[in-house]
Amino acid sequence: MSGSTTGSSRSLRQLMALSVGSTPVVVASDPHTAREILTSPHFADRPIKRSARSLMFDRAMGFAPNGTYWRLLRRIGSSHLFAPRRILAHECGRQLDCAAMLRAVNRERVRDSRGGVVVLRNHVQVAALNNIMGSVFGKRYEFGFCDERNNNNVISEEAMEAMELQEMVREGFELLGAFNWSDFIPWLSYFYDPLRVNERCEALVPRVRKLVKKIIDEHRQRRGLEKRSIDQLNDDSDFVDVLLSLDGEEKLTEDDMVSVLWEMIFRGTDATAILAEWVMAELVLNPSVQAKLQEELDSVINPPNTTTNNTTITDEMVSNKMPYLGAIIKETLRVHPPGPLLSWARLSTSDVGLSNGMVIPAHTTAMVNMWAITHDPTIWAEPIKFKPERFLDGSSDKYGLDVKGSDMRLAPFGAGRRVCPGKNLGLVTVAQWVAQLVHRFKWVEDPKNKVDLTELMKLSCEMKTPLSALALPRNVVK
Ligand code: HEM
């Protein structure tokens, strides 16, 4: 790279250059350079890891190179799976998943001999899997499927399928999230593969293919001879139906469909569950914030002067009537941005000149260190402090800040042409779950198992120790 990166910490923040093996890498830790990288058309590719290629992700949206095929997938995504009308049409499913999660939380709370301790991670993970299964495959599993047995003490076929899927998603995460030196020094893989990444990918792919193809076949059978075009589908149709109804230039091969569908399951499950767990951890650690949120929830769900005992929380409520909830989610995204450096890196397709005179050569991997930006004391006052009010104070320049990619001071979903297409779905889902969990229960730190905010960098940045806390039922019914 030409141009100076030595000397002042400011230019290091702008861009740090290094080599990982034989791969040139730059890391941007300031909002201006981050914007130039993320929105540049010369950075619309992603470096693809060996594991991602082996797991068929090179034909999925997140890793497909910039070009006709990737643009087609983005178009299908924005006009179908992630279109506002489709997200809205799946609201009912989201509420069902959420109600099932609350029942499962309550069961665990009641069973606990210490007075109501609940380990939240498993619940949000199952809810996330079910939620995305509903939108993508049009299929939901019974909550608590792990305990589900018939009268002969045999696990049902459905429960087996759900458990297999959950296990496959977990294995995929480990493989994709693992740091693999052979991504940077390709010949190394012949000698050094301590995590057996190649072997495990080879074992996982046929299992994924078999399961996803089975679901596609079920849809084909259900559709039968009745061939519906994309315009004839209902808004709440699932993504498999959408892909099967595409025609002409938009039609995908079956293998491409498997890759696209598998990626959606994969991404949708991980990010939402991790974000929800971080939000709840911060609420346990900040009881006054939790209490203020409860006040907001009560006032919107059962406003004064009403006589109904409403417990329904709609998307409209969480998106438009609960600013404090929105601020809590933003603040959590700031303090714990889930997307770490490596998994969402970009790749330059030609030499790129930046406005500060630096030139990044073609084929350089570029990463944005969003964590550094969201903890930069020159941008954020008291950056370590969890303070949702910073987004609500009309005199603050963070008032109403947009987190969806237009303001690089907080861009947890990336920005530019490869910005996360699932951002609205992810945000509304997490808001719905947090609202319900906090409306039904007061969450208190378990003295024997304190909340540990240590981060673990995998595919996303997750809590190292699963969150467990006391769930005390609130008297929400008037
Ligand atoms: C709520 C939490 C979520 C967070 C924090 C998150 C974060 C991100 C980030 C940082 C990127 C990279 C953007 C860039 O390069 O500029 C990304 C891309 C992507 N996300 Fe998300 N995401 C979330 C939810 C979802 C959901 C629910 C889905 C789908 C069901 C999804 C699907 C994708 C896909 C397919 C890409 C790749 C887009 C492309 O390369 O064209 N994400 N996400």
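Predicted model: local features only at pLDDT ≥ 70, side-chain atom pairs only at ≥ 80, totals over all residues.
Let us start with helix 11, which covers residues 254–285 and has 32 residues. From its first C-alpha to its last it reaches 47 Å, close to the 46 Å expected at 1.5 Å a residue. Is this helix mostly covered or mostly open? Helix 11 is mostly covered, with 28 of its 32 residues buried.

| Helix pair | Angle between axes | Axis distance |
|---|---|---|
| Helix 12 (residues 287–301) and helix 16 (residues 423–440) | about 95 degrees | 9 Å |
| Helix 9 and helix 11 | roughly 100 degrees | within 10 Å |

Angles from 65 to 115 degrees count as roughly perpendicular. Helix 12 and helix 16 are therefore roughly perpendicular to each other. On the helix 12 side, the contact is made by Gln290, Leu293, Gln294, Leu297 and Ile301, while helix 16 brings Ala435, Val438 and His439. Sorted by class, this contact of helix 12 with helix 16 has five nonpolar, three polar and no charged residues.

Helix 9 and helix 11 are likewise roughly perpendicular to each other. Here helix 9 supplies Val208, Arg209, Val212, Lys213 and Ile216, and these meet Glu254, Met257, Val258, Leu261 and Trp262 of helix 11. By class, the contact of helix 9 with helix 11 has seven nonpolar, no polar and three charged residues.

An α-helix has 3.6 residues a turn, so residues three or four places apart point the same way.

**Helix 14, an enclosed helix**

Next, look at helix 14 (residues 323–335). Its 13 residues should span 18 Å at 1.5 Å a residue, and its end C-alpha atoms are 18 Å apart, which agrees. Ten of the 13 residues are buried, so helix 14 is largely enclosed by the rest of the structure. Among the buried residues of helix 14 are Leu325, Ile328 and Ile329, and also Lys330, Glu331 and Arg334. What do they pack against? The buried residues of helix 14 pack against helix 11, helix 12, helix 13, helix 15 and helix 16.

**Some single residues**

Met56 is in the loop between helix 3 and helix 4, and its phi is near 75 degrees, a positive value in a residue other than glycine. Met56 counts as buried because it has 22 C-beta neighbours inside 10 Å.

His363, in the loop between strand 6 and strand 7, has a positive phi of about 65 degrees although it is not a glycine. With 14 C-beta neighbours inside 10 Å, His363 counts as partly exposed.

Ile360 lies in strand 6 and counts as buried, with 28 C-beta neighbours inside 10 Å. Leu188 sits in the loop between helix 8 and helix 9 and is partly exposed, with 14 other C-beta atoms within 10 Å. Setting aside neighbours within four places in sequence, Leu188 is in contact with Trp181 and Ser182.

Conventions
Residues numbered from 1 in each chain as written. Helix = DSSP H or I, 4+ residues; strand = E, 2+ residues; numbered from the N terminus. Expected span 1.5 Å × (residues − 1). Buried ≥ 20, exposed ≤ 12 C-beta atoms within 10 Å, placed from the backbone. Axes fitted to C-alpha atoms, helices over the stretch in contact; angles between N-to-C directions. Parallel < 35°, antiparallel > 145°, perpendicular 65-115°, else oblique. Contact = placed C-beta atoms within 7 Å. Nonpolar A, V, L, I, M, F, W, Y, C, P; charged D, E, K, R; others polar.
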